[in-house]
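Hi,

Here's the structure I promised to pass on. Have a look first, and then read on for what turned up.

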Amino acid sequence: MNKELTIKIGGEAGQGLVTIGTVLSNLFSRGGWYVFASQDYESRIRGGHNIYQVRIADHPIWAMSERLDVLIALDRETLRLHFSELHDKSVVIYDGEKIQVAPPGGKAKLISLPMDRIARECGDPILANTVAVAATVGLLGYGLGYLEEYLRRVFGKKGDRVLKENIQAAQRGYEEAERICQREGEACPFKLRPLDVSAKILLSGNEGVALGALAAGCKFYSGYPMTPSTNILTYMASKADQFGVVVEQAEDEIAAINMVIGASFAGARVMTATSGGGFDLMTEGLSLAGMTETPIVIVLGQRPGPATGLPTRTEQAELRYAIHASHGEFPRLVLAPGTPEQGFYLTAHAFNQAEKYQIPVIILTDQYLADSYFTLDRPLDPQKITIDRYLLSEDELSRMSDEYRRYAFTSTGISPRAIPGQSRHLVMADSDEHDEFGHIIEDRQTRSRQVAKRMKKEQMMEQDILPPNIYGHLKAKNMIICWGSTWGVAHEAMTRLHDEGKDVAMLHFTQVWPFPSRQVKDVLKDRDELICIENNASGQMASLIREKTGLAVDQKILQADGRPFSVQYLFETIQEVIG
Amino acid sequence: MLSREEYHSGVKEAWCPGCGNFGILNAEKRALVELQLAPEKILIVSGIGQAGKFPHYLRCNFFNGLHGRALPVALAAKLANPELTVIVHNGDGDCYGEGGNHFIHTIRRNPDITCIVHNNKVYGLTKGQASPTSDKGFKTKVQPYGVIHEPLNPLALAISLDCSFVARGYVGDLQFLAELIKAGIQHKGFALIDILQPCPTFNRVNTFRWYEERVYHLEEDREFDPKNQLKAFHKALEWGERIPLGVFYLHPKPTMEEQIPALAAGPLYRQKIQPSKVLDIMEELSALS
């Protein structure tokens, strides 16, 4: 039987709930369990109400569940806000010496553990996090082995005292939980032991994308901090020495994109990442990359707008923006991964495509995908990644005449690319309309030919198009349509619908531009219901499908409250639609 | 031996007759010949405005980017390939107005690039509006009663940021300007050369004659020491009756590219790409999780 458990940790910002959640996620991954962990946080460093959810299962999971089995309440507010989510067997862990709570009134079991006191007795109130983790695994009967191993690895370098205190705090927390279990018999009805399989790997969406960039040889990264893309900047900086990357924090997003353009012009593979507001500032540079035919990769991690919106939450409202942003017309590629694994392979693909067509490529993610941790089905495989730079070789350059034409007219629209300083050939790029050499022109003939040359590349990009993937029954009458980060939640909802005997399949887009019109038309025609699922208010994909295929998507399940869809909600809503 | 002709691009200049830009082009060619820098080793990055057209008229690699955005492009190109001699040509509106933020922060980074600003104290390409360096009272169609804002003082600003080389040139003094450009290129670190130039079309105040009556060489002041930041700042405030030319401030220090570990292995385009290194991360992660 499928076994699974959801733990939710709630409290104020700064109380350590992310630490507790992260450590728990790691311990269960290490023990071979599939884990999905997501954060729901406010835009503040201290106070407020934040939660961290960890779903643990013995089978692959890609989304959050509505079940709440174990609630770790670090403050009273958590109990108040989440009490209604508890079921009869749920367990609430809290520190009764710190938080006064009224008797639960039947629902769920309250377990008070003096986490703060144990921490102080072990030497430092900060150890309360370790006590909380230990108590949780203690109640679940998970054993202390992985936690001790974890503490040794993390605190081993910080000196004997810190490590010793942590180990002691873990042991005390664990023993206290065991004592409660013995005293009260079935204190916690859930038991999880490490599985007899190899350790699983946890990865967030942002880490998947960043690793894809590193694998593809991104050698220059610049960015301006902005949620939810800041931790791509942090991640790249943390791997800069290992992978030989120049990482620079720009003064603004305008500088960030102009920097990656400059580094790419000088021959490096480059990336920058931002969110909607930062992307606004980048649109000028995006156009520059289009005109100068400079390959760049931009990660656009969406969050709810307009303006500052809900800065720490999620939305998919920039699909239209990503495909249309900037002045003028030029080809671009827009990819939308649904998991960290897709993020890894698609980002590597983005680097090849950017250089093949000398275009900007946008990776469209969102806060939900960016920040959530997923269990990888299998380790990322760099052997599946090819590096195709499409640059003129030293040999080709040595055989070329002295006069190099950066924007030479060719049958494909792609001009052979050289790098300044690499040979005696001069490389000249211009944001003005230019002739084949790169010099400013004004005449209509050259202008028309250069426009045609640039746009021709878009036709050629057809050959590399990634059509949307179909999941479930190929011939199903009802088709769920989704793109990007909703892959996991839609997939789970579809699986549940299958279990109920429903005739439904799912179409998921990972490439949204150039739009795979032909493939989509073939797949979507002759279905009873087309149901588009989008984390936005207007149904941008639904309208894009209509525009590009003529097919009307009549059913739209939209949500723009800043939160990701839940499986339960999708399951119920789709069921209502298809009857 | 590289001759002056090696730097001629053959492209016809689209500047007004009598434009100060011709002087800058001449001086720069002179400096390049003296330095014997091969055109393929030079990268000129420019913005938009009359100065932005500059690299089209000089044989070299170039990236003629956007208005105000030359510096971030130049900075990153230098980081990607420190073997290139990177020179930036931009105007006063370009560098100090639209690109003001980049100007401040590129100075802080101290990359080894030379930033040449064609400062004619007026917007030329858009036909005569005030620029950030226009003096108070300067009348235009947009400022009919004269400019009421304080002018931006690029030298004082750069010195306050401890810019490693700060100089002012003047197109009416070509040999001196060529020497300044040469010194700026040779200087290891960010070199700002603000060049005063009349705009014969849109600036009827700051003319050749106006400048001739005022400019003098800093070297004439025997007391002056360009290594003293406070004195340099004080000097940079001098404007009006007398206008100093030359190197105001000099503070050699490590360049940005010298301090980046990844660049020890040479230009980025020559560095090997190794996707297999991801396996190390996978190993770390499975041990970590």
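Contact here means heavy atoms within 4.5 Å. Bear in mind that this is a predicted model.

On to the charged pairs. Between chain B and chain A there are three salt bridges. Take Glu248(A) and Arg109(B): their side chains meet in a salt bridge, at 2.5 Å from N to O. Counting over all chains, the number comes to 45. Another one to look up is Glu184(A) with Lys109(A), where the closest N and O atoms are 3.2 Å apart. That pair links distant parts of the chain, 75 residues apart: Glu184(A) sits in the loop between helix H6 (160-183) and strand E7 (201-204), while Lys109(A) is in strand E6 (residues 109-112).

Then there's a helix pair in chain A. The axes of H17 (residues 487-499) and H20 (residues 567-578) come within 9 Å and cross at roughly 55 degrees, which makes H17(A) oblique to H20(A). The crossing is right-handed. H17(A) brings Val489(A), Ala490(A), Glu492(A), Ala493(A), Arg496(A) and Leu497(A) to the contact, and H20(A) brings Val567(A), Gln568(A), Leu570(A), Phe571(A), Ile574(A) and Gln575(A). By class, that contact between H17(A) and H20(A) has eight nonpolar, two polar and two charged residues.

Cheers

Key
Residues are numbered from 1 along each chain as its sequence is written. Chains are lettered from A and ligands numbered from 1 in the order in which they are written. This is a predicted model: local features need pLDDT of at least 70, side-chain atom pairs count only at pLDDT 80 or more; totals for chains, interfaces and linings use all residues. Side-chain values use heavy atoms; hydrogens and water are left out. Axes are lines fitted to C-alpha atoms, for helices over the stretch in contact, and angles run from 0 to 180 degrees between N-to-C directions. Helices (H or I, at least four residues) and strands (E, at least two) are DSSP runs, numbered from the N terminus. Angles under 35 degrees count as roughly parallel, over 145 as roughly antiparallel, 65 to 115 as roughly perpendicular and the rest as oblique. A crossing is left-handed if the near helix is turned anticlockwise from the far one by less than a right angle, and right-handed if clockwise. Ala, Val, Leu, Ile, Met, Phe, Trp, Tyr, Cys and Pro count as nonpolar, Asp, Glu, Lys and Arg as charged, and the others, Gly among them, as polar. A salt bridge is a side-chain nitrogen of Lys or Arg within 4 Å of a carboxyl oxygen of Asp or Glu.
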